[in-house]
Amino acid sequence: MRGGRRPSPDAAALLPGICQSTTFAQRAVGDHDGQTYSRCGNPTVDALESALAAFEGTAPTHAIAYGTGMAALVGLVLAHTAAGERVVLSRTVYGGTVRLVRELLERFDVRAHFVDTTDLFGARDAEGELDPARLAITELGRALADRSRPTRLVLVESPANPTLELTDIEAAAHLAHTAGARLAVDNTFLTATLQPVLALGADVAVLSTTKYVDGHNATTGGALLVADRSPAHSELARILRHERGVLGSIQKPFEAWLTLQGLKTLPLRLEQHSRNALAVARFLEGHPAVGRVRHPFLESFEQSGLARRQQSGGGGIVSFELAGHLFRSPAERSEAARRLLASTRLCTLAENLGATETLVTHPATMTHASYAAAERERLGITDGLIRLSVGLEDPGDVERDLARAIDLALASVAEERATDGRADDGRALDESASDRPATGDRGPETTGTTRSAGKVQR
């Protein structure tokens with residue numbers, strides 16, 4: 001609510017002002033108050049960074065705000081890589097991250113190595129303590145032991161987008177630090193409200209402030225929050241800030257000001273998002289036409305123990321698929337999912353999450369289209385997977401909207417099935433008639449009706 005904020009000196013305004021200025025007057029050469037040019041720093045952006053730092057529990061200079069979440073990721077990766085090196089990532093990450101490391105960085109001989117980090121929680125002993133021997137044989141442990149390419153950065157998403165699979169952050173930090181690397185955690189889904197990743201051992205928290213921090217579908221933005229545990233962290237923050245100025249990827253003043261307003265209510269909103277999402281997830285889990293439902297605080301979620309260890313809430317994201325036994329093929333199930341997405345009224349089909357409105361997304365064709373189809377299937381991002389960002393509406397309204405859309409999608413598929421069946425019958429009659437001899441009493445009127453009916457059905 002108040003971290004990093006001071007009343008404006010102009011008329012003692014309670015809200016800090018928007019400093020919409022490109023440049024700043026200097027008293028003399030080298031004599032200024034720290035502001036010189038808005039590509040490198042701006043008072044409104046500074047206010048946002050101070051507030052984010054207070055929220056995350058780090059130094060004000062260790063918060064760096066960017067114009068988008070992707071700009072923040074670019075800054076993070078560029079600060080940790082050089083030609084001949086690599087980045088190790090958890091296997092399921094946002095599609096934009098995949099495009100960054102595969103399409104852009106590989107051109108500069110920086111390799112991306114994706115690993116399954118879901119097994120890290122199993123590397124704890126009976127008392128819940130990390131077991132170095134077990135950690136070493138995890139997929140991440142083996143990857144970091146391979147020194148064929150230097151690795152200075154491990155980047156994970158937890159919960160992952162859109163499968164919600166989790167990484168044991170403390171265990172990942174231990175492995176990264178042992179290997180001389182840093183751990184960055186994309187914490188966009190939960191923020192420090194529900195998962196304080198710096199306190200869990202991460203070196204950098206990555207946020208797309210576009211999502212829950214803003215929370216109103218009003219801005220794009222991103223931020224890197226660097227831990228304040230060592231001089232090396234201070235140097236990293238300095239490098240990130242310098243490189244942001246070089247790249248020109250700073251947040252803009254008006255967007256920073258709007259994000260500041262969203263941040264004030266973030267804890268309250270995320271608490272309600274989490275409550276609503278769990279209610280909707282339980283509703284979907286009980287629906288006879290729904291198959292697998294994923295939410296970290298569902299009792300059926302395979303990593304619910306880890307979720308409750310490192311998260312104080314499940315977050316606002318739910319993903320689900322329609323029940324496979326209702327359909328003749330995966331393609332038919334995927335088509336039903338598309339029709340469901342086209343049939344909602346309250347839930348809006350859109351490519352964002354974390355806002356007050358409930359949004360539905362089709363990851364296979366939207367956020368994760370950059371994955372090859374076979375890779376998506378392997379990761380569980382099927383063509384029938386639906387990601388739901390549950391908003392602040394009454395969850396009963398969301399449930400009724402989804403129930404109605406499911407009914408419409410199933411009815412549409414059933415009607416098409418019946419139509420296909422009638423068309424098949426028509427074709428069968430048509431082919432039967434065409435096989436008859438051309439002479440003799442064939443009953444031309446009946447035959448003609450059959451042919452016409454067959455064409456109509458097709």
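1. Where pLDDT is low, the predicted coordinates should not be read in detail.

2. Now the ground rules. This is a predicted model, with local features needing pLDDT of at least 70 and side-chain atom pairs counting only at pLDDT 80 or more, while totals for chains, interfaces and linings use all residues. Residues are numbered from 1 along each chain as its sequence is written, and side-chain values use heavy atoms, with hydrogens and water left out. The protein's average pLDDT is 89, and 90% of the residues score at least 70.

3. Have a look at strand β9, residues 317-322. Helices (H or I, at least four residues) and strands (E, at least two) are DSSP runs, numbered from the N terminus.

4. Who are β9's neighbours? Two strands pair if DSSP finds at least two bridges between them. Strand β8 (residues 290-294) runs antiparallel to β9, with 3 bridges, and β12 (residues 386-389) is also antiparallel to β9, with 4 bridges. Ser-319 has a bridge partner in each: Arg-294 in β8 and Arg-387 in β12.

5. Next, the inside. A nonpolar core is a set of buried Ala, Val, Leu, Ile, Met, Phe, Trp, Tyr and Cys residues joined through side-chain atoms within 4.5 Å. The largest one has 83 residues, and Leu-284 and Leu-388 are among those with the most contacts inside it. Helix α10 (residues 266-285) gives the largest share, 7 residues. Apart from this core lies another, of 31 residues, including Leu-89 and Leu-385.

6. Zoom in on Leu-284: not counting residues up to four places away in sequence, it touches Val-290, Val-293, Val-318, Phe-320, Leu-388, Leu-402 and Ile-406.

7. Last, a loop residue. Gln-303 is found between β8 and α11 (304-310). Is Gln-303 buried or exposed? With a relative accessible area of 11%, Gln-303 counts as buried. Leaving out residues up to four places away in sequence, Gln-303 touches Thr-118, Glu-165 and Leu-166.

Methods: pLDDT = per-residue confidence, 0-100. Buried < 20%, exposed > 50% of the residue type's maximum accessible area, 1.4 Å probe, protein only. Contact = heavy atoms within 4.5 Å.
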